[in-house]
Amino acid sequence: MNDDARKSMTLAKADHVFHQGDQTRGLFFVASGAICLTRLTEAGALVTLHNAVAGSMFAEASLYSDHYHCDAIAVAPSKVIRLSKSAILLRQREDAFFSEGITRLLASQVQDYRQLLTLHAVKSANERVFQAVASGRLRGSVTQLASQIGLTKEACYRALKELTDQGLLSKTGRGEYVLRQP
């Protein structure tokens with residue numbers, strides 16, 4: 001990919017990479033920091049769709065859409081690289097290995113979202129939070145996790161405290177929890 005196909009962006013915490021409704025320009029790779037993808041529902045609720053961390057990509061669906069369907073906001077000082085939509089689509093047509101890599105990435109994300117749907121089916125807040133932490137979903141703030149797994153932040157914090165009190169989780173820092181080792 002030539003330099004015109006790649007654009008580096010340095011973001012401060014709370015800077016937008018793009019807004020819901022903006023015309024798509026490409027997909028993004030997180031070089032450092034973290035980006036939270038959120039969508040405002042018709043009812044006015046803010047929903048976390050994805051937490052992209054260093055080494056991951058986001059806005060892949062933009063390759064086949066005219067407009068972004070969510071906001072992308074830096075939740076920490078971040079550096080992202082935008083890969084142009086036209087360059088990616090051209091490379092997919094010309095390079096089978098590259099195209100297969102994109103397909104694998106998208107298939108992996110479908111599996112991840114199906115796992116998230118399974119989490120949403122768990123009725124107990126404690127069990128849902130436990131499974132979310134066990135599967136590595138606590139990558140951003142507790143508020144983002146709560147939104148992602150369909151709980152209020154208050155219910156999520158209560159569940160984390162109860163799970164810690166029960167000895168199932170250990171608190172390792174502010175908003176950081178891991179499975180307690182036996």
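This is a predicted model: local features need pLDDT of at least 70, side-chain atom pairs count only at pLDDT 80 or more; totals for chains, interfaces and linings use all residues.
Visitor: Why is Q109 called buried?

Guide: The relative accessible area of Q109 is 17%. Buried means under 20%. So Q109 counts as buried.

Visitor: Where does Q109 lie?

Guide: Q109 is part of helix α2, which covers residues 96–120.

Visitor: Which residues is Q109 in contact with, leaving aside its neighbours within four places in sequence?

Guide: M57 and E60. Contact here means heavy atoms within 4.5 Å.

Visitor: What makes A59 count as buried?

Guide: Use the cut-off again. A59 has 11% relative accessibility. The limit is under 20%, so A59 is buried.

Visitor: What is the phi of A59?

Guide: Phi of A59 is near 70°. That is a positive value, and A59 is not a glycine. Most residues other than glycine have a negative phi. A59 sits in the loop between β6 (57–58) and β7 (71–74).

Visitor: Which loop holds A14?

Guide: The loop between β1 (6–11) and β2 (16–18). A14 is not a glycine either, yet its phi is positive, at about 85°.

Visitor: Why is α4 called roughly perpendicular to α5?

Guide: Two packed helices are described by the angle between their axes and the distance between the axes. Helix α4 takes in residues 142–149, and helix α5 takes in residues 153–165. Their axes cross at roughly 110°. Angles of 65 to 115 degrees count as roughly perpendicular. Therefore α4 is roughly perpendicular to α5. As for distance, the axes come within 8 Å.

Visitor: Which residues make the contact between α4 and α5?

Guide: On α4, the residues are V142, T143, L145 and A146. On α5, they are K153, C156, Y157 and L160.

Visitor: Now the whole protein. How many helices and strands are there?

Guide: The protein has 5 helices and 10 strands. Its C-alpha atoms fill a box of roughly 55 × 30 × 30 Å along the principal axes.

Visitor: How many residues does the protein have, and what share is buried?

Guide: There are 182 residues, and 40% of them count as buried. The protein exposes about 10,400 Å². Carbon and sulfur atoms supply 54% of that area.

Visitor: What share of contacts joins residues at least 24 apart?

Guide: Take contacts between residues at least 6 apart in sequence. Of these, 65% join residues at least 24 apart.

Visitor: How many side chains are positive, and how many negative?

Guide: 22 are positive and 17 are negative. The centres of the two sets lie 4 Å apart.

Methods:
Residues are numbered from 1 along each chain as its sequence is written. Side-chain values use heavy atoms; hydrogens and water are left out. Helices (H or I, at least four residues) and strands (E, at least two) are DSSP runs, numbered from the N terminus. Buried means under 20% relative accessible area, exposed over 50%, partly exposed in between (1.4 Å probe, protein chains only). Accessible areas come from the Shrake-Rupley method with a 1.4 Å probe; for residues, only the protein chains shown count as cover. Lys and Arg count as positive and Asp and Glu as negative; His and the chain ends are not counted. The place of a charge is taken as NZ of Lys, CZ of Arg, CG of Asp or CD of Glu. Axes are lines fitted to C-alpha atoms, for helices over the stretch in contact, and angles run from 0 to 180 degrees between N-to-C directions. Angles under 35 degrees count as roughly parallel, over 145 as roughly antiparallel, 65 to 115 as roughly perpendicular and the rest as oblique.
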